[in-house]
Amino acid sequence: EKEDVRKKLVATTDKLAREEKLAAIGKLAGIMGHEIRNPLGVIRNSIYFLNLKFKESIDEKVKRHMDILETEIDACDKIISDVLEFARTRPSSFTEAEINSVVEATLSKASIPKTVKVQTHLGENLPKVRVDVLQIGQIFSNLISNAIEAMPKGGELQVTTSQTDTFISIAFKDTGVGIPKENIDKLFTPLFSTKTKGLGLGLAACQNIIS
């Protein structure tokens, strides 16, 4: 009986902590969406102007630093997008869709380094599924990003779709570093991340969409 009480107390504490984090993320999203993304846009436009203005005479070292600036802006923009996507609560819009087409469209838009080889095994004659294409695409995008980040030295990303009984399965498998057992229970916890960059919202956002 004491153990049951303890488990309930732990569950309640975890729920309250999660709700507090969600409230903080909601406030953060509003700030980041306007107060940070706007100046980032100004910086990006300034870099574009400078590259255009001095494209004939720009020093190679300066060009390299311009590229670094753009890369870091993209990293900041990705964090802002993750926060906004996680905090956004819009109703789903379901349509009949070919899941293979959604997978291929997401892969075509993904930033996949040359060191990562993509193998697709897409099932034939799969029935259409009723999904929110934008939301399911966001899930695929997050899983692809996670897979790439798990393979800093390169590797292989396998994407498989298949039908089993009344289900269609979509699997993303990478040859990366894997997930330590002690972190498995924390995967969907907002703000939990083992990465040097990122807020740990990708999988939490996926879980929100699926729910």
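Which residue in β5 is the bridge partner of Gln163? In β5, that partner is Ile168.

First, the conventions. This is a predicted model, in which local features need pLDDT of at least 70 and side-chain atom pairs count only at pLDDT 80 or more, while totals for chains, interfaces and linings use all residues. Residues are numbered from 1 along each chain as its sequence is written, and side-chain values use heavy atoms, with hydrogens and water left out.

Now the overall picture. The protein has five helices and five strands. Helices here are DSSP runs of H or I with at least four residues, strands are runs of E with at least two, and both are numbered from the N terminus. Along the sequence the pattern reads α-α-β-α-β-β-α-β-β-α. Of the contacts in the protein with a separation of 6 or more, 73% are between residues 24 or more positions apart; a contact means heavy atoms within 4.5 Å. The accessible surface comes to about 14600 Å², and 56% of that belongs to carbon and sulfur atoms. Areas come from the Shrake-Rupley method with a 1.4 Å probe, and for residues only the protein chains shown count as cover. Of the 211 residues, 24% are buried. Buried means under 20% relative accessible area, exposed means over 50%, and partly exposed is in between, with a 1.4 Å probe and protein chains only.

Next, the sheet. Three strands form an open sheet in the order β2-β4-β5, with mixed pairing. The edges are β2, residues 116-122, and β5, residues 167-174, and each of them pairs on one side only. Two strands pair if DSSP finds at least two bridges between them. Direction ignored, neighbouring strands of this sheet are turned by 10 degrees against each other on average. Strand β4, residues 155-164, runs antiparallel to β5, and eight bridges join the two. The opening pair, Gln163 with Ile168 in β5, is a bridge pair.

Two helices pack on this sheet. Helix α3, residues 99-109, touches β2, β4 and β5, and its direction makes about 165 degrees with that of β4. Helix α4, residues 133-149, touches β4 and β5, and its direction makes about 25 degrees with that of β5. For these angles, axes are lines fitted to C-alpha atoms, for helices over the stretch in contact, and angles run from 0 to 180 degrees between N-to-C directions.

Two loop residues deserve a look at their backbone. Asp165 sits in the loop between β4 and β5, and its phi is near 55 degrees, a positive value in a residue other than glycine. Asp165 counts as exposed, at 70% relative accessibility. Asn125 is in the loop between β2 and β3, the latter being residues 129-131. Phi of Asn125 is also positive, near 55 degrees, again in a residue other than glycine. With 76% relative accessibility, Asn125 counts as exposed.

How many salt bridges does a search of the whole structure find? It finds three, where a salt bridge is a side-chain nitrogen of Lys or Arg within 4 Å of a carboxyl oxygen of Asp or Glu. In one, the side chains of Asp77 and Arg37 meet at 3.1 Å, N to O. Asp77 lies in helix α2 and Arg37 in helix α1, so this pair ties together parts 40 residues apart in sequence. Asp77 is partly exposed at 24%, and Arg37 is partly exposed at 26%.

Asp74 forms another with Arg44, the closest N and O atoms being 3.0 Å apart. This pair also links distant parts of the chain, with Asp74 in helix α2 and Arg44 in helix α1, 30 residues apart. The remaining salt bridge joins the side chains of Lys63 and Asp67 at 2.9 Å, N to O. Lys63 and Asp67 are separated by about one helical turn, because they are four residues apart in helix α2.

Cys76 is in helix α2, which covers residues 60-87. The C-alpha atoms of Cys76 and Leu40 are separated by 8.3 Å, although the two are 36 residues apart along the chain. Cys76 counts as partly exposed at 35% relative accessibility.

Last, Leu50, which is in helix α1, residues 2-53. Leu50 is partly exposed, with a relative accessible area of 33%.
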